[in-house]
Amino acid sequence: HRYNLYNQGFTQLFLKCLRAAETKYVMAEIHEECWGQHSGHKNLTRKILRVGYYWPTIETKTINYVRRCKRCKKCVDKPHALANELHSLA
């Protein structure tokens, strides 16, 4: 039999605890597909908790997931403006 475990959250009554195989799907769905913002690990963690999911290693898993995201790496490595186009405000 498969049992669902729940953890009591601060903002919600219960958060569903996920198994290791389920965590990758949820992180991918929230980080890339559903909301597709490719935000940092803190926002990813907050969104997962807001949806109602939880697992004991959520912080380390989201940090590692965002670090390995190829699309996020591409955006971080490219400057958004050329150095000669930047001007000081003073």
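Colleague: To begin, where is the place of Pro56?

Modeller: A word on the source: this is a predicted model, in which local features need pLDDT of at least 70 and side-chain atom pairs count only at pLDDT 80 or more, while totals for chains, interfaces and linings use all residues. Residues are numbered from 1 along each chain as its sequence is written, and side-chain values use heavy atoms, with hydrogens and water left out. Helices (H or I, at least four residues) and strands (E, at least two) are DSSP runs, numbered from the N terminus. Pro56 sits in the loop between β3 (53–54) and α3. Its C-alpha atom is 9.0 Å from that of Leu18, although the two are 38 residues apart along the chain.

Colleague: Is Pro56 buried or exposed?

Modeller: Buried means under 20% relative accessible area, exposed over 50%, and partly exposed in between, with a 1.4 Å probe and protein chains only. Pro56 has a relative accessible area of 69%, so it is exposed. Gly40, in the loop between α1 (20–34) and α2 (41–51), is partly exposed because its relative accessibility is 36%.

Colleague: What pattern does the protein chain follow along the sequence?

Modeller: The order is β-β-α-α-β-α-α, which comprises four helices and three strands. Of the 90 residues in the chain, 24% are buried.

Colleague: At what angle do the axes of α2 and α3 cross?

Modeller: Axes are lines fitted to C-alpha atoms, for helices over the stretch in contact, and angles run from 0 to 180 degrees between N-to-C directions. The axes of α2 and α3 (residues 58–68) cross at roughly 130° and come within 9 Å. Angles under 35 degrees count as roughly parallel, over 145 as roughly antiparallel, 65 to 115 as roughly perpendicular and the rest as oblique; α2 and α3 are therefore oblique to each other.

Colleague: Which residues of α2 and α3 meet?

Modeller: Contact means heavy atoms within 4.5 Å. On the α2 side, His41, Leu44, Thr45, Ile48 and Leu49 take part, and they meet Ile58, Glu59, Thr62, Ile63, Tyr65 and Val66 of α3.

Colleague: How many disulfides does the structure hold?

Modeller: A disulfide is a covalent bond between the sulfur atoms of two cysteines. Here the criterion is a pair of cysteine sulfur atoms within 2.5 Å, and the structure holds zero disulfides. Cys17 is partly exposed, with a relative accessible area of 21%, whereas Cys69 is buried at 6%.
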